[in-house]
Amino acid sequence: MLCTGVAVGVGLFFFWLIGDIFLKGAPGITWEFLWDEPENAGRKGGIAPVLVSTAAILLVTLGTAVPIGFGTAVFLAEFSQGKTTLGRMVRRALDVLASVPSIIFGLFGNAVFSHWMGLGFSILSGGLTLACMVLPILIRTIEAGLRAVPLSTRLSAAALGLSRVAVLRDLIFPAAVPSLAAGLLLGLGRALSETAALIFTSGYVSRMPESLLDSGRSLSVHIYDLAMNVPGGDTHAYASAWVLIVLLFSINGLTALCLDHWGKTRMRGL
Amino acid sequence: MNKGKPKLNQYSIETQKLNLFYGKTPVLKEVNLQIKRGLVTSIIGPSGSGKTSFLTVLNRLTDLIPAARVDGSVFVNGENLFAPDVDTIQLRRRVGMIFQKPVPFPFSIQKNMVLPLREHGMKDRRQQAERVETVLRDVGLWEEVKDRLSHSAGLLSGGQQQRLCIARALALKPEILLMDEPCSALDPISTAAIESLIQSLKGRYTIVIVTHNLAQARRISDETAFFWNVEGIGQLVESAPTEILFEAPADPLTKAYVHGIRG
Ligand SMILES: Nc1ncnc2c1ncn2[C@@H]1O[C@H](COP(=O)(O)OP(=O)(O)O)[C@@H](O)[C@H]1O
Ligand SMILES: [Mg+2]
């Protein structure tokens with residue numbers, strides 16, 4: 001009874017929050033809003049450069065996190081039999097990293113990418129910082145997927161004289177695709193809603209970026225800035241939040257669709 | 001120097017003082033067994049007497065089990081199995097293995113058959129197709145699947161899956177086929193199909209088959225080896241031509257087991 005009440009409460013709260021943003025944000029959503037540059041610190045105009053920066057930051061994040069994450073996960077699951085010191089160290093480190101607050105990643109990214117590597121406040125710095133931030137989740141999810149391939153499959157493959165490479169390519173990687181997608185969803189969601197780590201790395205310049213080395217303001221930073229620093233920025237803050245939530249929902253839905261599709265193909269497979 | 005290889009003899013496989021450990025636990029102790037070329041040798045014995053473990057030594061699948069450690073010697077066609085220059089990939093092509101539970105890979109029948117062929121260097125589509133048809137006919141599966149090679153292997157029945165796995169191994173033209181209770185999950189009709197398949201392979205292949213079914217061992221094998229658990233460690237009690245092992249065993253333990261008194 002109590003549990004049902006709590007569950008209903010949580011559900012209602014969720015709809016209230018989303019409903020609030022949708023109601024207050026919807027009037028601000030126009031083609032101009034999506035298409036124009038911000039004016040008057042964002043009170044007027046649109047969010048085109050912000051969308052472009054956000055996309056660029058996410059691309060940098062994915063472009064680096066996916067290959068590194070996949071490689072590390074394959075190493076952990078396939079080449080360190082759970083007992084090697086290196087494997088254990090990496091796993092421990094990842095578990096700690098996964099719980100580090102994003103502001104710490106922001107400071108780290110600022111020190112390493114912005115200053116030490118000389119990338120300054122830029123989309124590149126921001127994307128790389130987010131990559132560091134989402135890597136732990138991504139790696140651990142992919143690793144779990146790789147490990148889920150049963151020993152019987154591996155033994156049968158080996159008994160046919162299949163090489164390590166063939167086993168990875170034809171049996172293990174395909175089995176890990178759904179978990180890669182799930183890890184990406186978690187990672188992308190976290191990256192898309194990240195503010196703290198980006199303020200120190202990609203900065204908040206709201207002009208249209210011309211290269212990855214330009215500073216670029218992400219959607220969440222834009223919302224934060226409008227809500228906290230710009231009196232009268234509420235309407236556009238809500239409209240931007242509307243866009244952010246729609247994006248998050250689409251990523252969610254898309255991933256669910258993909259997982260469903262793969263799930264079915266694999267079920268047909270075995 | 002030919003590295004002191006013993007001459008090719010009548011034995012396909014010969015183990016000498018073979019011991020196997022998982023971690024610190026001994027699983028097989030001092031197994032000395034000779035398996036004759038071209039014959040069917042069955043291995044019988046109670047659960048946990050190390051029969052499966054013994055088979056996995058013979059194609060070095062034990063390499064994949066981190067804790068497994070082997071000592072003693074094993075010769076396959078007179079060559080030392082654990083010599084440093086042994087190519088395990090080639091070895092496993094020559095020594096095929098069928099598992100208790102069929103493990104079709106999660107893709108089409110066609111790809112299940114072709115993937116190992118391609119990996120072993122057969123790139124030509126026509127050759128592949130011919131080989132696939134031949135072995136699928138050998139296992140009596142061709143008529144049943146020829147129109148749905150592109151269907152998922154997971155959709156086949158248990159008996160068909162097991163025959164697919166056998167065909168997949170045969171396609172690589174192995175010299176030795178290790179079968180670990182290949183019929184234990186199958187219905188009587190599928191079992192009969194696999195038994196007659198084994199009969200038809202006799203002579204062309206050396207077959208080692210683990211079975212719990214004593215009647216099956218008598219029906220299909222020329223030689224039988226009996227494993228028993230001594231204080232938790234698997235040992236070979238006796239091996240002999242099947243008739244002799246069942247009718248006039250040398251060891252009282254064997255006699256008791258084949259008459260169903262123990263185990
Ligand atoms: N991978 C493994 N790690 C540790 N112990 C194992 C492993 N595989 C089998 N064993 C143990 O080795 C013994 C022999 O098992 P097995 O070879 O499967 O016997 P059988 O096939 O005759 O039933 C059993 O006690 C079993 O628990
Ligand atoms: Mg067994």
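These legends walk through close-up views of a predicted model. Local features need pLDDT of at least 70 and side-chain atom pairs count only at pLDDT 80 or more, while totals for chains, interfaces and linings use all residues. Residues are numbered from 1 along each chain as its sequence is written, chains are lettered from A and ligands numbered from 1 in the order written, and side-chain values use heavy atoms, leaving out hydrogens and water.

**View 1. Who sits around ligand 1.** The residues around ligand 1 (a heavy atom within 4 Å) include B:Tyr22, B:Val27, B:Pro46 and B:Ile65. Sorted by class, the shell has four nonpolar, six polar and one charged residues; Tyr and Pro count as nonpolar here, and Gly as polar. Helix α1 of chain B (residues 51-58) gives the largest share, three residues; helices are DSSP runs of H or I, at least four residues.

View 2. Oxygen atoms of ligand 1 lie 2.7 Å from a backbone N or O atom of B:Gly48, 3.2 Å from a polar backbone atom of B:Ser49 and 2.8 Å from a polar side-chain atom of B:Lys51. Alone, ligand 1 exposes 560 Å², and the protein buries 56% of that (Shrake-Rupley method, 1.4 Å probe).

**View 3. Two helices of chain B packing.** Helix α3 (residues 109-119) and helix α4 (residues 125-138) of chain B pack at about 125°, axes 10 Å apart; axes are lines fitted to C-alpha atoms over the stretch in contact, and angles run from 0 to 180 degrees between N-to-C directions.

Terms used. A polar contact is a pair of N or O atoms within 3.5 Å; within protein, one must be able to donate a hydrogen and the other to accept it, and residues adjacent in sequence count only if both atoms are side-chain atoms.
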